[in-house]
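Take the points in order and click on the residues as they come up.

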Amino acid sequence: MRILVTGGAGYIGSHAVRWLAREGHEVWVYDNLCAGHRQAVPEGRLVVGELMDRPRLVETLSAHQIEAVMHFAAFAAVGESVADPAKYYQNNVVASLNLLEAMRATGVNKMVFSSTTATYGAPNRIPITEDEPQKPINPYGFAKLVIEQALDDYRAAYGLGYAALRYFNAAGASPDGDLGEDHDPETHLIPIVLQVALGQRQNITVFGEDYATPDGTCIRDYVHVDDLSSAHALALKQLQPGTALKLNLGTGRGQSVREVIDACRRVTGHAIPTLVGARRPGDPPELVADSRRAQSVLGWKPRYMEIEETIRTAWRWHSSHPRGYAG
Ligand code: UFG
């Protein structure tokens, strides 16, 4: 299939691009490189453009006879979305709607959309099923939910086929060691801990040790980027006009912040000094996926079920690219 991947130069998108290309798809990346990396995209496959530039999107979709879009391009920092909601509504909502219109203008009627566990807010039940009410608690989650709703309305009215894949905590790196996470500034737990192991930071601050969890720190479900990629490829195969798939992607296993740091100690052999800080605003205590629906609907099975294995792939990337793609 001929696929356009928006945000294909970013962390999750670049892994998906590689996965899709290996499965034999013809893949093009559309990215403005504000957070993505040219080096993460296969030679000759990058279109540098803005999602707000509808003529350019239309031209790109037509020129490459695109049949489906995977839409990763978005800002994804929860705290920033609280401080600067306009940035999130403009980029994650308005620009996504612009992309949908460009698709409509060119007759492209399949989309796999990067949604998020943040659409559930602070859920009532763990593990979280797709039937959990979606009540976001920050602008990032609201913006993603708006697009989920738009996709469903476009499906009903215009026959769009879509999958909204609700990721839990994306983690790890390509086992080849040449694609990985490179954010500036970095806010995510595992890369920050690995930067401590590399000597780039003195310590890691644990955001809150007074949660109602067994060790008092927040619990998350860390799902490997390549497992996310395989789910995207499987979802794409199922899309027909009018298809609606809303699926959680996680391992079903929760790890506390302390457990993640301990696993990083075992993988890296570094002591990793920690400090304890205040809770980070907007952090729900526990987010763990029930992804049985994705497993049965897609035939998906996450391969990375042990956090240490996931961290090992991240460590391979960070230790061989201590300055990220720039190095
Ligand atoms: N944490 C620390 N110290 C740090 C960084 C993180 O203790 O220096 C903790 C956080 O408080 C949280 C856990 O580690 O409890 C994981 O934090 P991340 O920032 O790595 O990930 P989040 O769970 O906050 O965010 C992820 C995705 C978002 C998505 C969100 C949904 O990155 O895009 O899950 O809740 F929206």
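1. One term before we start: two residues are in contact when heavy atoms of theirs lie within 4.5 Å. Also keep in mind that this is a predicted model.

2. Let's begin with Ala171, which sits in strand E7, residues 169–171. Which residues does Ala171 touch, leaving out those up to four places away in sequence? The list is Tyr11, Ile190, Tyr222, Val223, His224, Val225 and Thr310. Is Ala171 buried or exposed? Ala171 counts as buried because its relative accessibility is 3%, and the cut-off for buried is under 20%.

3. Next, find Ser229 in helix H7, which covers residues 225–238. Ser229 has a relative accessibility of 2%, so Ser229 counts as buried. Setting aside residues up to four places away in sequence, Ser229 touches His15, Ala16 and Trp19. Now look at Ile12: Ser229 and Ile12 are 217 residues apart in sequence, yet 7.7 Å apart in space, C-alpha to C-alpha.

4. On to the charged pairs. How many salt bridges does the count come to? The total is 19 salt bridges. One of them joins Asp176 and Arg18, with 3.0 Å between the closest N and O atoms. Asp176 is in the loop between E7 and helix H6 (189–197), and Arg18 is in helix H1 (residues 11–22), so this pair ties together parts that are 158 residues apart in sequence. With 44% relative accessibility, Asp176 counts as partly exposed. The pair also belongs to a network of salt bridges that links Arg18, Arg22, Asp176 and Asp178.

5. A salt bridge also connects the side chains of Arg293 and Asp131, at 3.2 Å from N to O. Arg293 lies in helix H9 (residues 292–298), while Asp131 lies in the loop between strand E5 (110–116) and helix H5 (139–158), so parts 162 residues apart in sequence are tied together by this pair. Arg293 has a relative accessible area of 34% and is partly exposed. Asp131 counts as exposed, at 60% relative accessibility.

6. Now compare that with Arg166 and Glu148, whose side chains meet in a salt bridge at 2.7 Å, N to O. Here the parts tied together are 18 residues apart in sequence, because Arg166 lies in strand E6 (residues 161–167) and Glu148 in helix H5. Are these two partners buried or exposed? Arg166 counts as buried at 1% relative accessibility, and Glu148 counts as buried at 6%.

7. Stay on Glu148 for a moment. Apart from residues up to four places away in sequence, Glu148 touches Phe113, Ser115, Thr119, Gln134, Tyr162, Ala164 and Arg166. So its salt-bridge partner turns up in the contact list as well.

8. Then there's the ligand. Which of the 22 residues around the ligand come nearest? They are Tyr140, His188, Thr205, Arg280 and Asp283. By type, the shell around the ligand divides into 13 nonpolar, six polar and three charged residues. H6 and strand E8 (204–207) each supply at least two residues of that shell, and E8 gives the largest share, four residues.

9. Finally, zoom in on the ligand's oxygen atoms. A polar side-chain atom of Asp283 is 2.5 Å from an oxygen atom of the ligand. For Asn169, a polar side-chain atom lies 2.9 Å from a ligand oxygen. With Phe207 the polar atom belongs to the backbone, and it is 2.9 Å from an oxygen atom of the ligand. How much of the ligand does the protein bury? The ligand exposes 690 Å² when taken alone, and the protein buries 92% of that.

Conventions:
Residues are numbered from 1 along each chain as its sequence is written. This is a predicted model: local features need pLDDT of at least 70, side-chain atom pairs count only at pLDDT 80 or more; totals for chains, interfaces and linings use all residues. Side-chain values use heavy atoms; hydrogens and water are left out. Buried means under 20% relative accessible area, exposed over 50%, partly exposed in between (1.4 Å probe, protein chains only). A salt bridge is a side-chain nitrogen of Lys or Arg within 4 Å of a carboxyl oxygen of Asp or Glu. A residue is near a molecule or strand if one of its heavy atoms lies within 4 Å of it. A polar contact is a pair of N or O atoms within 3.5 Å; within protein, one must be able to donate a hydrogen and the other to accept it, and residues adjacent in sequence count only if both atoms are side-chain atoms. Accessible areas come from the Shrake-Rupley method with a 1.4 Å probe; for residues, only the protein chains shown count as cover. Ala, Val, Leu, Ile, Met, Phe, Trp, Tyr, Cys and Pro count as nonpolar, Asp, Glu, Lys and Arg as charged, and the others, Gly among them, as polar.
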